[in-house]
Amino acid sequence: MSENESKKARREAARERARLARVQEQARRRRNRTLGISGIIVGGLAVIAIVVVVIANSVQPAGPGPRNMASDGVLLHGVNGKIVPVETAATPEGGKPTPTKQDDSVANITVYSDYMCPYCNQFETSQMSQIKQWVQDGSATLELHPFNLLDRVSLGSKYSTRSAAAAACVANYDPDAFLAYNTSLYENQPSESTRGLTNDELASLAKTAGATNSKVASCITGQHFAGWVADATNRVLNEAIPNSSLAKVTGTPTVIVNGKQYNGSLTDTDAFAAFVEQNGGAA
């Protein structure tokens, strides 16, 4: 069997394992919540929302970035069958993020998302099981970029900023817990037009997800990285997106595989797998 055939066989086996895990996960999540928002409404408000976010974030105080997010995102790769974050230094206050140097021999999957975005949750619920399998077996990397697009729908509580800042705290102090915390934020995603979780609740979720560093809770409740979230959001909404041809992010989730944006169904795992196979190098 050739190397490409072997990788394809591993990918298909991973896809089947992911499918079984996804069925169980979706059954559990259906019991806990119902996603609901009109796509027509979201589409109609998208341009207005982005303008509002840019204006709001322009008056946020600047701040240094979190460690392990030098690219404004957390990069995860497979090491001995485990998903491990790539550790980096923090971006200094006033500095620019450092784009990830990607390996074109694998599928580099990059996701820009908002923890209050129901469509991001759909992608997470449907696709993350098979993505994790690809990362574990070394045929893909995953880079997660949380940012604030939907503060306007949390009744003034700025939940999108607060949850992204909370994720940054975990990345900074306990990066090995980041992926589990990312999952937990979607499992406990509040509905739009609510205030969302409190900072204390966000801190509690982090601890449950495995973030045991004593500084995580105070970082979250004190919103230490809120300024960085504003900076990162302004960058993705106004500047060219690294490792892609996108001039900027225009909605969430924005999913990119080796420079190509995925515009297919968020919930169709076969469609996404085919896109990854087509654009993911030798993955």
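In which helix is Ala 206 found? Ala 206 belongs to helix H6, which runs over residues 199-208. The model discussed here is predicted. It holds one disulfide, and a search of the whole structure finds two cavities of 30 Å³ or more and five aromatic pairs.

- Because eight of its 10 residues are buried, H5 is largely enclosed by the rest of the structure.

- A disulfide is a covalent bond between the sulfur atoms of two cysteines.
- In this model the bond joins Cys 169 to Cys 219, with an S to S distance of 2.0 Å.
- The two partners come from distant parts of the chain, 50 residues apart: Cys 169 is in helix H4, and Cys 219 is in helix H7 (residues 215-221).
- The torsion about the S-S bond of Cys 169 and Cys 219 is about -80 degrees, and the disulfide is therefore left-handed.
- Cys 169 counts as buried because its relative accessibility is 1%.
- Cys 219 also counts as buried, because its relative accessibility is 5%.
- Helix H4 is mostly covered, with 14 of its 15 residues buried.

- Cys 117 is placed in the loop between S3 and H3.
- With a relative accessibility of 3%, Cys 117 counts as buried.
- The C-alpha atoms of Cys 117 and Glu 192 are separated by 7.9 Å, while the two residues are 75 residues apart along the chain.
- Cys 120 likewise has a relative accessibility of 3% and counts as buried.
- Cys 120 is also among the residues that line the largest cavity.

**Aromatic contacts**

- A pair of aromatic rings is described by the distance of the centres and the angle of the planes.
- Among the five aromatic pairs, the rings of Phe 123 and Phe 272 have centres 5.4 Å apart and planes at 85 degrees, so this pair is edge-to-face.
- Phe 123 lies in helix H3 and Phe 272 in helix H9 (residues 269-279), so the pair ties together parts that are 149 residues apart in sequence.
- Both members of the pair, Phe 123 and Phe 272, are buried.
- One aromatic cluster is formed by Phe 123, Trp 134, Tyr 262, Phe 272 and Phe 275.

**The largest cavity**

- Rolling a probe the size of a water molecule over the atoms shows where empty space is left.
- The largest cavity contains about 60 Å³ of space.
- Its lining consists of Val 111, Ser 113, Cys 120, Phe 123, Glu 124, Met 128, Leu 144, Asn 182, Tyr 186 and Pro 253.
- H3 contributes the most, with four residues.
- By class, the lining of the largest cavity has seven nonpolar, two polar and one charged residues.

**The second largest pocket**

- About 250 Å³ of space lies in the second largest pocket.
- This pocket is lined by 20 residues, of which Ser 71, Pro 97, Tyr 112, His 145 and Pro 242 are the closest to its centre.
- At least two lining residues come from each of S3, strand S4 (140-146) and helix H8 (226-238).
- The lining of the second largest pocket comprises eight nonpolar, seven polar and five charged residues.

Note on methods
Residues are numbered from 1 along each chain as its sequence is written. This is a predicted model: local features need pLDDT of at least 70, side-chain atom pairs count only at pLDDT 80 or more; totals for chains, interfaces and linings use all residues. Side-chain values use heavy atoms; hydrogens and water are left out. On a 1 Å grid over the protein atoms alone, a cavity is a set of points where a 1.4 Å probe fits but cannot get out, and a pocket is an open set with protein on both sides within 12 Å along at least five of seven lines; lining residues have an atom within 4 Å of a point. Grid points are joined across faces, edges and corners, and a volume is the space filled by probe spheres set on the points. Ala, Val, Leu, Ile, Met, Phe, Trp, Tyr, Cys and Pro count as nonpolar, Asp, Glu, Lys and Arg as charged, and the others, Gly among them, as polar. Buried means under 20% relative accessible area, exposed over 50%, partly exposed in between (1.4 Å probe, protein chains only). Rings of Phe, Tyr and Trp (its six-membered ring) pair if their centres lie within 6.5 Å; planes under 30 degrees apart count as stacked, over 60 as edge-to-face and the rest as tilted. A disulfide is a pair of cysteine sulfur atoms within 2.5 Å.
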